[in-house]
Amino acid sequence: MADFWGSIIGALLGGAVAILAGLLGARWSARYAALHLRAAQMHDTLVMLYADVYADIAKSEQEILHLTEPMMKMHGTGPDRAAIGGRILMLSPKSVQTAWAAYLADFDYLRAYVHGATNFAHGGLLDADDKQIVGCEETIAALKQAVQEHLAAQTSASAH
């Protein structure tokens, strides 16, 4: 008779453990799915932000060509830098924020340099190896690197 009651108690405890494990497993699975969805949404948000950064970089590279190549014209407008900057401050690490600020400062300085210290306004061009042009190209490379490093780090972190 003791074996009978032991079997019943064992079966009840085994069933309770199975139910509890199922509930905890479902809860863990839902939490994991929510975290994975959040990471995927953040990645998509960063990709859209950095696509805008690259669009701005393309516009700046067009500006460099306009300053250094005969017959190159500026076309269209670039993305809204203030909106990009705000999103960078909210979503990006300090390395990207610093690279973005340096990029903006270098191109502001380049524009002042072109209009104040060169004969560009009178039809002259800058040399491709002008120190201001080279500095802007280096700043572009640094911004691209910071963006790529952040995306790579964010992608590998969301994969875990």
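## Helix α2

The N-terminal end of α2 is capped by Asp-80. A side-chain oxygen of Asp-80 lies 3.1 Å from the backbone nitrogen of Ala-82.

## Model and confidence

The model is predicted. The mean pLDDT of the protein chain is 84, and 74% of its residues score at least 70. Among the elements of the chain, helix α2, which spans residues 81-91, has the highest mean pLDDT, at 96. The lowest mean, 77, belongs to helix α1, residues 2-68. Where pLDDT is low, the predicted coordinates should not be read in detail.

## Overall fold

The protein chain has four helices and zero strands, in the order α-α-α-α along the sequence. Of the contacts in the chain with a separation of 6 or more, 72% are between residues 24 or more positions apart.

The chain has 160 residues, of which 27% are buried. Its accessible surface is about 10,300 Å², and carbon and sulfur atoms account for 65% of that area.

## Nonpolar core

The largest nonpolar core consists of 25 residues. Val-53, Leu-110 and Leu-143 have the most contacts inside this core. At least two of the core residues come from each of α1, α2, α3 (94-117) and α4 (131-158). The largest contribution is that of α3, with eight residues. In soluble globular proteins, nonpolar side chains tend to be buried together.

Apart from neighbours within four places in sequence, Leu-110 is in contact with Leu-67, Leu-126, Gln-132, Ile-133 and Cys-136.

Ser-60 is located in helix α1. The relative accessible area of Ser-60 is 1%, so this residue counts as buried, the cut-off being under 20%.

The side chain of Ser-60 makes a polar contact of 2.5 Å with the side chain of Tyr-103.

Note on methods: Residues are numbered from 1 along each chain as its sequence is written. This is a predicted model: local features need pLDDT of at least 70, side-chain atom pairs count only at pLDDT 80 or more; totals for chains, interfaces and linings use all residues. Side-chain values use heavy atoms; hydrogens and water are left out. Buried means under 20% relative accessible area, exposed over 50%, partly exposed in between (1.4 Å probe, protein chains only). Contact means heavy atoms within 4.5 Å. Accessible areas come from the Shrake-Rupley method with a 1.4 Å probe; for residues, only the protein chains shown count as cover. pLDDT is the predictor's confidence in each residue, from 0 to 100. A nonpolar core is a set of buried Ala, Val, Leu, Ile, Met, Phe, Trp, Tyr and Cys residues joined through side-chain atoms within 4.5 Å. A polar contact is a pair of N or O atoms within 3.5 Å; within protein, one must be able to donate a hydrogen and the other to accept it, and residues adjacent in sequence count only if both atoms are side-chain atoms.
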